[in-house]
Amino acid sequence: MDTLSLRDLGPNWYAAVMGTAIVANAGAVLPVQPFGLRAACTAVWGLSVLLLGVLLVARAAHWIHHPDRARAHLLDPAVAPFYGCLAMALLAVGTGTVTLGPDVVGEGTAVVVGAVLFAVGTLTALAAAVVVPYLMITYHRPAPGSASPVWLLPVVAPMVSAAFGPLLAERLPAGQGRDTLLLACGAMAGLSGLAVLVILPLVFARLVHHGPLPLALTPTLFLVLGPLGQSTTAVEKLADTGGMGALAVLYGVPVMGFALLWLALAGLMVAGALRRGMPFTMTWWAFTFPVGTCVTGAAGLAAHTGLAALEWLAVGLYAFLVGAWAVAATRTLRGLVSGALLAAPRAPLPVTARTT
């Protein structure tokens, strides 16, 4: 492995793993299951496993051979939030392992591997949710009005754990262990949701008072869909396990309504950015995982209500997800072959720190 080419490999690359895994996970729960869909989703899950393994090795090599750049990434307010992507990549692949993995490795092995990924991913998610905001408060000094949807990444990661945990809980016997896991998932959903409520107004205020995001960052507006769709999915899973199906509908319907509102707003802003020449960057992966969480949320609501409209909503969002994944994956592969995506930035990102 050419370690020099890894010098600027950041944690944002885990978004490609997340975006690939969610294509498999969302397809597995679609209300409509045409012939061959599950097999295709299983193949995509396998690809996400491969991507995760390669990226974990590459990122380990990055820390070993380029510790200066690794520390600079952690202390950069524009890059540090992407450490939430590591946790979500582990959890997204773990979810696919439990739901699709049994077709390949058997139920027992899939559950064990999924449990390991859940444990490691959850610990990483909680660490990111604490450490990154701590660095923002004590070291980073974001300029006033610079709030970005990227700030949501570390705090939304525990919500992914909250949606994954019930899949493991339903395989546990009734008792303290099962109840503790479900309670922990509920707590993670709460801490993540409240943190999002703190950050989202800052993001909207930045847009209103300072105008659209820079072209390369415009796709990150889709990140707002992540906590909306993921929280709906988490509440649905927790409600099902706890026998409170009505809660899933009471929570999910208004939240998904807001998600569709934000999708329309973000879509208009992305369309405008494309007309102004928005370039391809790794931020285009924001079109995948957040939309995928809305697919799982809509699919869950369809299952709870039996409404065909929600089924078609899930299918339509999934079609968009697959198209977005195909574009992002193709452009990423092209950028890797050309070396453009691994090239050092032309100018360093400004980093300021508190001195007292």
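So, which helix is Val 54 found in? Val 54 belongs to helix H2, residues 37-65, where helices are DSSP runs of H or I, at least four residues, numbered from the N terminus.

Quick housekeeping: this is a predicted model, so local features need pLDDT of at least 70 and side-chain atom pairs count only at pLDDT 80 or more, while totals for chains, interfaces and linings use all residues. Residues are numbered from 1 along each chain as its sequence is written, and side-chain values use heavy atoms, with hydrogens and water left out.

Back to Val 54: at 49% relative accessibility it counts as partly exposed, as buried means under 20%, exposed over 50%, and partly exposed in between, with a 1.4 Å probe and protein chains only. Together with Leu 47, Leu 50 and Leu 51, Val 54 makes a nonpolar surface patch of about 320 Å². For a patch like that, residues need over 30% relative accessible area and no salt bridge, and nonpolar side chains are joined within 5 Å. A salt bridge would be a Lys or Arg side-chain nitrogen within 4 Å of an Asp or Glu carboxyl oxygen.

Now over to helix H9, residues 225-242, where Thr 241 sits. Thr 241 is buried, at 17%. A polar atom of its side chain lies 2.9 Å from the backbone oxygen of Lys 237. Beyond neighbours within four places in sequence, Thr 241 is in contact (heavy atoms within 4.5 Å) with Pro 166, Arg 178 and Leu 182.

Conventions: Helix = DSSP H or I, 4+ residues; strand = E, 2+ residues; numbered from the N terminus. Polar contact = N/O pair within 3.5 Å; in protein donor to acceptor, adjacent residues only side chain to side chain. Patch = residues over 30% accessible without salt bridge, like charges linked within 9 Å, V, L, I, M, F, W, Y side chains within 5 Å. Areas by Shrake-Rupley, 256 points an atom, 1.4 Å probe, with all protein chains shown as cover.
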